Amino acid sequence: MFVLVLIAIAVASRYGFAPPDGAVQTDDGREISGPVRVGDGDSIDIGSTRIRFHGIDAVELAQHCKDATGNDYACGEEAKRTLQNLIGNRSVRCDERHGVDQYGRVTAVCTADGIDLNAAMV
């Protein structure tokens with residue numbers, strides 16, 4: 001199914017049609033950009049494409065952690081907010097040359113107006 005979506009995007013790009021949901025890909029199909037929805041601290045959606053940040057693993061969205069004084073806090077929600085703040089209204093571009101994970105998500109290195117989001121979230 002994923003291959004069919006990529007083929008459809010490639011054909012649409014070749015003949016001047018806009019890809020769905022504002023997503024954009026280069027001719028070699030290795031870059032995705034467009035409106036972003038943050039899922040958690042290491043994943044985003046651009047259009048209908050789910051993207052997992054390559055090389056990092058953030059805490060789970062529902063996860064709770066202890067701070068330096070031993071108090072419980074929602075670290076998963078904090079990681080999501082941190083990523084949302086890093087992105088803000090910036091344009092996000094993802095290089096998807098890292099393949100697809102076991103859940104069918106594109107794994108990529110993403111930037112927001114030049115800020116390496118993967119590195120910033122570490």
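How much accessible surface does the protein chain have, and what share of it belongs to carbon and sulfur atoms? The accessible surface comes to about 7400 Å², and 52% of it belongs to carbon and sulfur atoms. Accessible areas were computed by the Shrake-Rupley method with a 1.4 Å probe; for residues, only the protein chains shown count as cover.

The structure is a predicted model: local features need pLDDT of at least 70, side-chain atom pairs count only at pLDDT 80 or more, and totals for chains, interfaces and linings use all residues. Residues are numbered from 1 along each chain as its sequence is written, and side-chain values use heavy atoms, with hydrogens and water left out.

The secondary structure comprises three helices and 10 strands. Helices (H or I, at least four residues) and strands (E, at least two) are DSSP runs, numbered from the N terminus. Along the sequence, the pattern is α-β-β-β-β-β-β-β-α-β-β-β-α. The chain has 122 residues, of which 34% count as buried. Buried means under 20% relative accessible area, exposed means over 50%, and partly exposed lies in between (1.4 Å probe, protein chains only). Contacts, defined as heavy atoms within 4.5 Å, were also sorted by sequence separation. Among the contacts with a separation of 6 or more, 42% are between residues 24 or more positions apart.

Two disulfides are present in the structure. A disulfide is a pair of cysteine sulfur atoms within 2.5 Å. With bonded cysteines counted along the chain, the pattern is 1-2, 3-4.

Cys65 belongs to strand 6 (residues 65–66) and Cys75 to helix 2 (residues 75–87), so the bond ties together parts that are 10 residues apart in sequence. The torsion about this S-S bond is about 60 degrees, so the disulfide is right-handed. Cys75 has a relative accessible area of 5% and is buried.

A disulfide also joins Cys94 to Cys110, at an S to S distance of 2.1 Å. This pair links distant parts of the chain: Cys94 is in strand 8 (residues 92–95) and Cys110 in strand 9, 16 residues apart. The link is right-handed, with 110 degrees about the S-S bond. Both Cys94 and Cys110 are buried.

The relative accessible area of Cys110 is 0%. Its C-alpha lies 5.5 Å from that of Arg93, a residue 17 positions away in sequence. Beyond the neighbours within four places in sequence, Cys110 is in contact with Ile44, Ile51, Phe53, Val92, Arg93, Cys94, Ile115, Asp116, Leu117 and Asn118.

Cys110 is also part of the largest nonpolar core, which has 18 residues. A nonpolar core is a set of buried Ala, Val, Leu, Ile, Met, Phe, Trp, Tyr and Cys residues joined through side-chain atoms within 4.5 Å. Ile44, Ile51, Val92 and Cys110 touch the most other members. Two or more residues each come from strand 4 (43–46), strand 5 (49–53), helix 2, strand 8, strand 9 and helix 3 (117–121). Strand 9 gives the most to this core, with four residues. In soluble globular proteins, nonpolar side chains tend to be buried together.

Charged side chains were then searched for pairs. The whole structure holds seven salt bridges. A salt bridge is a side-chain nitrogen of Lys or Arg within 4 Å of a carboxyl oxygen of Asp or Glu.

Arg52 and Asp42 meet in a salt bridge at 3.5 Å, N to O. Arg52 lies in strand 5, and Asp42 in the loop between strand 3 (36–40) and strand 4, so the pair ties together parts that are 10 residues apart in sequence. Both Arg52 and Asp42 are buried. Arg52 has a relative accessible area of 15%. Arg52 also forms a salt bridge with Asp57, with the closest N and O atoms 3.1 Å apart. Asp57 is exposed, at 61% relative accessible area.

Asp45 pairs with Arg50 in a salt bridge, the closest N and O atoms being 2.6 Å apart. Asp45 is buried, with 10% relative accessibility, whereas Arg50 is partly exposed, with 41%. Asp45 and Arg50 are linked with Arg37 in a network of salt bridges.
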